Amino acid sequence: MEIPNLFTGGSNYFLGDNTSFCYDCPKLHDEMLRDRSLVISRNAILQNQHLFQDKIVLEINCGTAILSMFIASLGAKTIIAIEPSPMAEIASKNVEKGNFKNIHIIRKKVDEIHELPFGIDEVDVIVSQWQAYLMFDKDLLESLFNARDKWLKTNGFIFPDTITLHVAGVECESTRQNQTSKCLASFSFKSLSEVFYSYAKIDYISWQQIVTNSATVRKMNLKKMSMDDFSFSENFQLNSLHTSPVNAFILYFEVIFSRGHKKFVISSSPFEPRIRWKQIILHFPNELFMYPNEFVKGTFQMRSNDEKKKLNFGVTVDFVGKVCRTQFSKDYIL
């Protein structure tokens with residue numbers, strides 16, 4: 001199968017200084033096209049032709065329309081690709097150059113669309129790349145759920161359809177060095193530290209830094225859930241793997257394509273090859289020291305912030321070990 005060339009308007013288009021995290025930024029979409037997660041999405045589609053052939057497919061926030069083009073090559077009957085940003089113009093050019101007659105681009109938000117074109121009132125499949133840091137982008141998910149409730153058939157499905165969120169304990173060396181820096185020992189930076197520990201950090205963590213097992217704190221089915229399900233509290237327990245300090249939790253996600261002959265998973269786990277969605281690091285205000293067979297109990301909370309259109313979260317920790325004991329509750333800003 002021949003895959004069309006994308007972004008034929010010249011490479012200089014992607015060399016601007018706009019590094020903000022926005023879905024109408026061409027630089028972001030260029031990164032997404034080069035990311036390993038797209039390879040997994042492509043394989044999940046191309047190795048399950050029976051799910052898309054002769055079907056009516058709706059793609060939400062299609063970006064460059066790359067997924068729609070993969071699906072079109074499998075013989076889908078009709079593909080309606082919605083993109084509210086100026087990227088819709090690039091998507092239209094990509095579709096035109098690829099001569100995909102069965103893809104139709106609509107530049108609108110989902111909630112602005114009251115009827116689908118061609119008299120279509122139901123779709124067989126909804127496809128969407130809704131992943132973000134901490135796996136949730138509230139605007140994208142609201143659009144996805146809105147489209148699902150409007151147009152998805154009762155026996156239809158969302159692709160991918162399942163998400164899981166995991167937590168693990170890590171030794172973050174840079175944090176330890178900051179805490180014990182001798183050149184600053186005679187000065188107080190408590191106020192700065194309090195602010196520092198209030199922010200979640202987005203970065204890659206090596207699997208060698210993992211010092212506990214991981215725990216699943218949420219599993220959700222996109223066909224059944226609503227935005228209310230993103231406000232929750234879940235208890236967890238992490239067991240030490242070896243003698244080590246523990247000064248942070250990390251959060252990572254798995255996005256699962258459960259339909260088809262083979263299950264495909266996009267994972268931001270440190271044990272998997274890197275994707276553009278990094279891990280979320282939650283630094284502790286106090287370092288723990290764990291020996292083998294010791295464990296830390298905790299609670300993970302996620303709360304919907306309707307005013308800022310974001311999802312806030314926090315942790316509560318209770319640890320009693322041989323050399324230290326700690327209890328704290330902390331809210332984090334992403």
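This is a predicted model: local features need pLDDT of at least 70, side-chain atom pairs count only at pLDDT 80 or more; totals for chains, interfaces and linings use all residues.

Modeller: Buried residues make up 50% of the chain's 334 residues. The chain holds seven helices and 15 strands. Among contacts with a separation of 6 or more, 74% join residues 24 or more positions apart.

Now the rings. A pair of aromatic rings is described by the distance of the centres and the angle of the planes. With centres within 6.5 Å as the cut-off, the count comes to 11 aromatic pairs. One of them joins Phe157 and Phe159. Their centres are 6.1 Å apart, and 75 degrees separate the planes. That makes the pair edge-to-face. Phe157 and Phe159 are both buried.

Another pair is Trp207 with Phe271. Here the centres lie 6.5 Å apart and the planes meet at 35 degrees, so this pair is tilted. Trp207 sits in the loop between β7 (201-203) and β8 (210-221). Phe271 sits in the loop between β11 (264-267) and β12 (279-290). The pair therefore ties together parts that are 64 residues apart in sequence. Trp207 is partly exposed, at a relative accessible area of 48%. Phe271 counts as exposed, because its value of 53% is over 50%.

Phe157 and Phe159 belong to one aromatic cluster, together with Phe52 and Phe257. Charges also meet rings. The charged end of Arg276 sits over the ring of Trp277, 4.5 Å from the ring's centre. Lys322 lies over the face of Tyr291, and its distance from the ring centre is 5.1 Å.

Strands of a sheet pair through backbone hydrogen bonds, either parallel or antiparallel. β2 (residues 78-82) pairs with β3 in the parallel sense over four bridges. Ile79 stands opposite Ile103 of β3.

An α-helix has 3.6 residues a turn, so residues three or four places apart point the same way. In α4 (residues 87-97), the buried residues include Met87, Ala88, Ile90, Ala91, Asn94 and Val95. They span an arc of only 160 degrees around the axis, which puts them on the same side of α4. The face turned away from that buried side carries the exposed residues Lys93, Glu96 and Lys97. Asn99 follows α4, and its phi is positive, near 60 degrees.

Helix α2 (residues 36-46) has buried residues too, including Ser37, Leu38, Ile40, Ser41, Ala44 and Ile45. Their arc around the axis is only 160 degrees, which puts them on the same side of α2.

Methods:
Residues are numbered from 1 along each chain as its sequence is written. Side-chain values use heavy atoms; hydrogens and water are left out. Rings of Phe, Tyr and Trp (its six-membered ring) pair if their centres lie within 6.5 Å; planes under 30 degrees apart count as stacked, over 60 as edge-to-face and the rest as tilted. Buried means under 20% relative accessible area, exposed over 50%, partly exposed in between (1.4 Å probe, protein chains only). Helices (H or I, at least four residues) and strands (E, at least two) are DSSP runs, numbered from the N terminus. A charge sits over a ring if NZ of Lys or CZ of Arg is within 6 Å of the ring centre and within 35 degrees of the ring normal. The arc is that of the directions from the helix axis to the C-beta atoms. Two strands pair if DSSP finds at least two bridges between them. Contact means heavy atoms within 4.5 Å.
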